[in-house]
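I opened this one to get my bearings. Below are my notes, in the order in which I looked things up.

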Amino acid sequence: MSISVENITKRFGRFVALDDVSHNFPSGELTALLGPSGSGKTSLLRIIAGLDFADAGRVLFEGEDATERQARHRKVGFVFQHYALFRHMTVHENVAFGLRVKPRSLRPSRREISDRVHRLLELVQLDWLGDRFPHQLSGGQRQRVALARALAVEPKVLLLDEPFGALDANVRKELRRWLRRLHEEIHVTSVFVTHDVEEALEVADEIVVLNEGRIEQVGAPETVYDHPATPFVFRFLGSANEIHSSDHVPESFPRRPGGERTTPSFARPHDFDVFTERKPGSIEATVTDVRSIGPTTRLELKASGNGDALEVEIDKHTARYLALRAGNTVFVQPRRLQSYAGVG
Amino acid sequence: MAGAISRLNRRVSARKSALDPVWIQRSAIAIVLTFLVLILFMPLAAVFREALRKGAGAYLDALSDRDTLLAIRLSLLTIAIALPCNVIFGLAASWAIAKFDFRGKRVLITLIDLPFAVSPVVSGLIYVLLFGAQGRLGPWLLAHNIHIIFAVPGIVLATIFVTFPFVARELIPLMESQGTDEEESAVVLGAGGWQTFRRVTLPNIKWGLLYGVILCNARAMGEFGAVSVVSGHIRGKTTTVPLHVEVLYNEYNFVAAFAVASILALLALVTLLLKSLVEWRARKIEQFVTEDQNEESAG
C-alpha cells in the first residue's frame, strides 16, 4: 500500500517540527527518513501512524484520506526505538496481543492465533524463546520480537522509529542486514527513521533526507550519496572539505550553471590525489597532522593560499610511500568537486 | 539486640567506604534503636498489657460489646465506600497526569497533596461549614431531610478527603517512569482505550496500586481528627473504631478502650507486614527492569 503525505505542518509551541512536507512513499518499498535529531523525521513517522496529528496537511493511504483515522484503525505496524514490549507478558503473548484484542467477530480462534504466533517467531528466528519475558532477552532479540508483534496483525505499512538505535554496533549491523532480507521476503511498504547515514545507505530502497522540518533531497541511496542536492546533504552524508576559489581550483573542473568562482565547492576527504611536487591546478598546503586510522591515513592540511583547513584521506600504502610528516609541503588535487549555485 | 547491632556493624564495616568512623555509625544506630523502643515498642506493648490486664475474658467481652461491634461495622462500611472512591480517583488522576500534557498539571499535583498539608480537624470543619445546620448548604439539606453532618455520609466524606492522596501519590511517579510507549504500542496494534488500560496499563501498576490501597486503608481505618469533627459521637451510630476508643477512655473504661485500641494496633502490624511484602515484590520486579537498563547501557 502506498502512503502519501501532503503539505504536512506540525508545531510544538514555537518550534516547527515539520514545515509543509509532501512526499509519496511508493508501495512495497523500504524508505529511510534520514536526518539529524530535531529534523522532524520521527514526528512525520508518528503522524503517519496516527500517534500524533498534524496541524495542517493530509495523510493518504492508497489514495484514501486517512488524516482523521484513529491509530487503532490504520492497520500499521510500529516498531519503537526502545522496543516497548509489554513487560508483564511473555514473548508469545506479546506477539499474540494484536490478534487477541480484535473484536470477537474478526478474532481468529485460539489455535489459529497460536499457530500464527509460532510462524512469526520462526520468521524472526526466535521460536524457542516464546515462554520468556522481555527482560530475559537481549536487545537484538527484543527488537525482533517487537517486529514479529508488529507483523502479527498483517499491517499494510510497517513503520520503524530508529529501530536499531538502542543496540550496540555489531548487533545493529547484523539486524539491519536481516531487516533488508526480511523486507525482500514480505515486501510490505516500510518507512524507517534513522540518523545513521550508513544504515540508510545500506538498507533503504529510497532515502528522504530531512533537515529542520523540510525535505532536502529524495532519491536512491547511490544518487543521494553521489549527487547530494544541497550543501546540507553533502555535509550530512560524510566529512566535507569546502574549497574556496583562492585555493586554485582547476579551471577544467565542471561547474553547475551559474556556479560562481567565489562560492565554495565541496570535496570528500577520500576524493583527493596527493603529490609531493607541484601539479597544474593543484592546491598547495602544509601538513599539520598525520594520523593512521585502520586501513586509511588521515592528513590534516592547511592551504597555503587562504589558510583553509583541509582533511584528506589516503590509503596506508600511499601514505607509507609518501612518508609525510607534519610541516611537509604537499600538493593536493580534488578528483571530484561538487558546487552549488549561490549557496555557501 | 546487641547481637543484631554487631551483625549490622560487621556488614557495614565490610563495606568500609570512605564514610565516617565506626563509632559514629554505632552511636547513630544506637540512637535510632533507643528512639524506636521508647516511641514505638513500649506504647505498643502497653496497649496490649492494659487490654489484657483483667484477663482474656474481659478482653473478649469488651470486643463483643454491642457498641464496639457497631463501631467496627461503621469503620468497615466507611472503608468499603472510601477505598473504591479513592482507587478510582487515584487511577484517573495519575493516568491524566502521567500520560497527558495539559495546562495546570502542576497545580493539580499540588492540590492532590492538600490533605497532607491541611490539619485533619480543618478538613472536618470544612464539611461542617459546608453541610452543617449553620453552613452554606445546611438549610437546603435540612429542607430535603438529607443528613450529612453528625451522620454516616459526613464520616465517609471526611475519610475520603483525608485519604485521597495515597493512591494517586503512589501511582503518579510509577506511571511517569513507565512512559507511554507500551500504551502506544497497544493502540497501534488495534486495542481500544479500555483494552489498553486493562491489558497493558493496569498490570504494569498493580503492585503500586496495591501498595497505595494498603496505606489508604490503614489511614482510613485510623482517621480520628476529621471524622471526630463531623461525627457528633453518637454511640452506636456515628462512632468509628478510633472514636469509640476515645468514648470508652473518657468513660474511664480502660480495659475496653485498650481492647478496642488493640484492634487498631493489630491492623497496623498487618499493614506493615503487607506493605513489606508488596515492597519486596515490587522491588524484585524493579530489579529486573534496572538490570535490563544496565545491560543496555553497558552494551
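I took helices (H or I, at least four residues) and strands (E, at least two) as DSSP runs, numbered from the N terminus. The model is predicted, so to speak of local features I need pLDDT of at least 70, and side-chain atom pairs count only at pLDDT 80 or more, while totals for chains, interfaces and linings use all residues. Residues are numbered from 1 along each chain as its sequence is written, and chains are lettered from A and ligands numbered from 1 in the order in which they are written.

**H10 of chain B**

I listed the buried residues of H10(B): Pro165(B), Phe166(B), Val167(B), Ala168(B), Glu170(B), Leu171(B), Ile172(B) and Met175(B). Buried here is 20 or more other C-beta atoms within 10 Å of the residue's own, exposed is 12 or fewer, and partly exposed is in between, with C-beta atoms placed from the backbone. H10(B) covers residues 165-178, and its 14 residues reach 20 Å from first C-alpha to last, close to the 20 Å expected at 1.5 Å a residue. That expected span is 1.5 Å times one less than the number of residues. Just after H10(B), I found Gly179(B) with a positive phi of about 70°.

I also looked at Leu210(B), which is in helix H12 of chain B. Is Leu210(B) buried or partly exposed? Leu210(B) is partly exposed, because it has 18 other C-beta atoms within 10 Å.

Next I traced an open sheet of six strands in chain A, in the order E6-E7-E8-E3-E9-E10, with mixed pairing. Two strands pair if DSSP finds at least two bridges between them. The edges are E6 (76-79) and E10 (214-219) of chain A, each pairing on one side only. E6(A) and E7(A) (residues 157-161) run parallel and are joined by four bridges. Across that pairing, Phe78(A) stands opposite Leu159(A).

Leaving aside neighbours within four places in sequence, Leu159(A) is in contact (C-beta atoms, placed from the backbone, within 7 Å) with residues including Leu45(A), Ile48(A), Val76(A) and Val191(A). Leu159(A) and Ile48(A) have the most contacts inside the largest nonpolar core, which has 82 residues. Such a core is a set of buried Ala, Val, Leu, Ile, Met, Phe, Trp, Tyr and Cys residues joined through C-beta atoms within 7 Å. H4(A) gives the largest share of this core, seven residues.

**Val124 of chain A**

I found Val124(A) in the loop between helices H3 (110-123) and H4 (139-152) of chain A. Why does Val124(A) count as buried? Because 21 other C-beta atoms lie within 10 Å. Leaving aside neighbours within four places in sequence, Val124(A) is in contact with Arg144(A), Leu147(A) and Ala148(A).

**Where the chains meet**

Last, I checked the interface: 21 residues of chain A are in contact with 19 residues of chain B. E6 and helix H2 (91-100) of chain A each supply at least two residues of chain A's side.

Key:
Two residues are in contact if their C-beta atoms, placed from the backbone, lie within 7 Å.
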